[in-house]
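User: I am new to this structure. Please take a close look at one part, the pockets, and at the ring contacts too.

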Amino acid sequence: MKLYFSPAACSLSPHILLRACGLTFDLEKVDTERHRTADGRDFYAINPKGQVPVLELADGSRLTEGPVIAQYIADQAQATQLMPAAGTLARYRVMEWQNYVSTELHKSFTPLFHAGLDDNAKATLAALLRKKMDWLDAQLQHGPYLTGEHFTAADAYLFVVLGWAKFVKLDISDLAHLQAFLRRVAARPAVQAAMRAEGLLG
């Protein structure tokens with residue numbers, strides 16, 4: 001398999017899972033501004049959406065959309081702690097969180113990265129996002145991870161998205177449960193290995 005990624009982008013989440021599952025894979029870095037791969041190919045020819053992550057399978061077919069790729073990786077490795085077995089309520093709980101992170105957090109961060117957005121609009125959007133962070137902080141008081149005692153694919157995704165706060169100057173340093181969550185996930189070996197491979201750690 002090959003994972004097309006951009007450092008610190010949402011592709012870091014499936015990257016973490018690939019390492020957590022011990023699967024064999026290659027990495028291909030993508031310049032998401034120029035839409036070129038590290039070897040100079042047009043990334044639009046690989047993914048017409050122009051976005052990472054893309055997981056290229058052994059037969060040459062490709063999967064897109066991070067939460068779907070996460071499910072595929074965990075299922076291939078039979079890693080039911082990361083993604084519980086199909087048909088169980090535990091799986092739907094993880095998917096529920098994956099959906100929340102994707103639609104309510106990930107997409108709320110996206111406009112804050114655009115330089116052309118009016119400062120007042122950014123302030124309004126940041127305030128709305130901060131309310132979601134407050135709610136999330138309260139949820140994390142019930143356990144070390146989103147669904148309880150065990151780290152899942154949803155936690156990997158949340159960790160990556162929360163990491164964007166510093167890039168858009170969204171202060172979440174006062175949210176104790178979120179900060180503890182970030183430290184807890186950052187200490188995991190697979191997370192450190194993925195971040196080091198992407199040049200995010202020394």
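Analyst: What follows goes through the pockets, then the rings.

This is a predicted model, with residues numbered from 1 along each chain as its sequence is written. Local features need pLDDT of at least 70 and side-chain atom pairs pLDDT 80 or more, while totals for chains, interfaces and linings use all residues, and side-chain values use heavy atoms, without hydrogens or water.

Start with the largest pocket. Its volume is about 940 Å³. A pocket here is an open set of points on a 1 Å grid over the protein atoms alone, where a 1.4 Å probe fits, with protein on both sides within 12 Å along at least five of seven lines. The volume is the space filled by probe spheres set on the points, which are joined across faces, edges and corners. The lining has 32 residues, and A9, C10, T32, V52 and H106 are the closest to the pocket centre. Lining residues have an atom within 4 Å of a point. Strand 2 (26-31), helix 2 (66-76) and helix 3 (89-109) each give two or more residues. Helix 3 gives the most, with 4. Helices (H or I, at least four residues) and strands (E, at least two) are DSSP runs, numbered from the N terminus. By class, this lining has 13 nonpolar, 14 polar and 5 charged residues.

The second largest pocket holds about 260 Å³. Of its 15 lining residues, F159, G163, W164, K166 and M195 lie nearest the centre. Helix 5 (153-162) and helix 6 (176-186) each supply at least two. Helix 5 gives the most, with 3. This lining has 13 nonpolar, 1 polar and 1 charged residues.

Now the rings. There are 8 aromatic pairs. Rings of Phe, Tyr and Trp (its six-membered ring) pair if their centres lie within 6.5 Å; planes under 30 degrees apart are stacked, over 60 edge-to-face, the rest tilted. W97 and Y100 pair edge-to-face, at 5.9 Å and 85 degrees. Both lie in helix 3, 3 residues apart, about one turn of the helix. F109 is in helix 3 and W164 in the loop between helix 5 and helix 6, so the pair ties together parts 55 residues apart in sequence. F109 and W164 are both buried. Ring pairs also link W97, Y100 and W135 into a cluster.

Note on methods. Nonpolar A, V, L, I, M, F, W, Y, C, P; charged D, E, K, R; others polar. Buried < 20%, exposed > 50% of the residue type's maximum accessible area, 1.4 Å probe, protein only.
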